[in-house]
Amino acid sequence: MASPVLTAEDIQVCAGGRQLLAVPELAVPPGGCLGLVGVNGSGKSTLLKALAGRCRLDRGTVLLDGRPAREHELAFRQHVGVLLDDADCFPDLTVAEHLRMVATAHGTDHVDARCDRLLDALGLRHRADAFPDTLSAGQRQLLLLAAVLVRPARLLLLDEPEQRLDTGARERLAAALRQCRNDGTAIVLAVHDQHLLDRVADRVMVLDGGHVVDHGPTAEVLTRGATPWR
C-alpha cells in the first residue's frame with residue numbers, strides 16, 4: 001500500500017481558553033478522498049485550515065509526504081491546492097487568462113490544453129472571455145475551483161466546493177474530482193451535499209463540536225447515522 005500523502009496526529013486547536021478542535025488522527029493516501037461532514041460550526045473549516053497550515057496548532061502534527069506541512073514553504077505551496085472561504089479572483093483577468101496565469105505560475109505542463117479541458121469539464125467554456133465581476137455566483141465558484149484544479153497537486157484541501165453550484169455544476173465538479181483521484185491526487189473536502197460525498201469520498205469523518213464522532217468508509221459511516229442527514 002502506498003504511503004499516505006497527508007497524515008495528522010493528535011491535532012488540537014484552542015482559542016480564548018476554549019478547545020475548537022480535537023482530532024486524534026487521519027491519513028489520506030494517493031487517490032484517496034476524505035469527506036468532512038457535520039453541522040455548521042462543527043469544526044470542518046478549522047480542520048481544513050489546520051491541515052493547510054493556516055491556523056496555529058496548540059498540539060499535534062500535520063505531515064505532507066512525511067514532512068512537516070508548512071504553508072509558507074515553497075514545497076508545500078507547489079504540492080497543495082487549497083480552496084478556503086477567503087479565496088478570491090484576479091479582477092482584471094478573464095476566466096481563461098486567470099487559469100493560464102495560475103497554471104503557468106505552478107509549472108503546469110501543456111498549459112493551453114489543460115486549461116481548455118478544465119473549461120469544458122466545469123462548463124465555463126462560454127464564459128472564457130468574461131471578467132470575474134460579470135460572472136454569476138455559481139460561475140465565480142467554478143472559476144475558483146478551476147484555479148485550484150488547473151495546477152498540479154499532490155493534495156487538495158477544499159471547503160464546501162459545491163456551494164452556490166446548481167445540480168448540473170455539482171455533477172461536473174464530482175466528475176472533475178473523481179478524475180483527480182484517478183490521477184493519484186489526495187483530497188480532503190468539507191461537504192454538505194450527501195450526493196457529492198457519495199460520488200467522491202471513499203472515507204468520511206463526522207465532526208461535532210470540534211470532536212470526531214465517527215470515521216470510516218463512506219458507506220459504513222452513512223449507514224451508522226451519525227451524519228447530519230440521519
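Reader: Which residue of S8 does Leu-155 stand opposite?

Author: This is a predicted model, in which local features need pLDDT of at least 70 and side-chain atom pairs count only at pLDDT 80 or more, while totals for chains, interfaces and linings use all residues. Residues are numbered from 1 along each chain as its sequence is written, and side-chain values use heavy atoms, with hydrogens and water left out. Strand S7 (residues 155–159) runs parallel to S8, joined by five bridges; helices (H or I, at least four residues) and strands (E, at least two) are DSSP runs numbered from the N terminus, and two strands pair if DSSP finds at least two bridges between them. Within S8, the residue opposite Leu-155 is Ala-186.

Reader: Which residue of S8 is the bridge partner of Cys-33?

Author: Strand S3 (residues 33–37) pairs with S8 in the parallel sense, over four bridges. In S8, the partner of Cys-33 is Ile-187.

Reader: How many residues of strand S8 are buried?

Author: Buried means under 20% relative accessible area, exposed over 50% and partly exposed in between (1.4 Å probe, protein chains only). Ala-186, Val-188 and Ala-190 on one side of S8 are buried, as are Ile-187 and Leu-189 on the other, so that both faces are covered. The strand (residues 186–190) is therefore largely enclosed by the rest of the structure, the buried count being five of the five.

Reader: Is Arg-100 buried, partly exposed or exposed?

Author: Arg-100 is found in helix H3 (residues 95–105), and, not counting residues up to four places away in sequence, it touches Val-111, Asp-112 and Cys-115, where contact means heavy atoms within 4.5 Å. Because its relative accessible area is 36%, Arg-100 is partly exposed.

Reader: How far apart in space are the C-alpha atoms of Gly-66 and Pro-228?

Author: Gly-66 lies in the loop between strand S4 (59–64) and strand S5 (67–68), and it counts as exposed at 55% relative accessibility. Gly-66 and Pro-228 are 162 residues apart in sequence, and their C-alpha to C-alpha distance is 33 Å.
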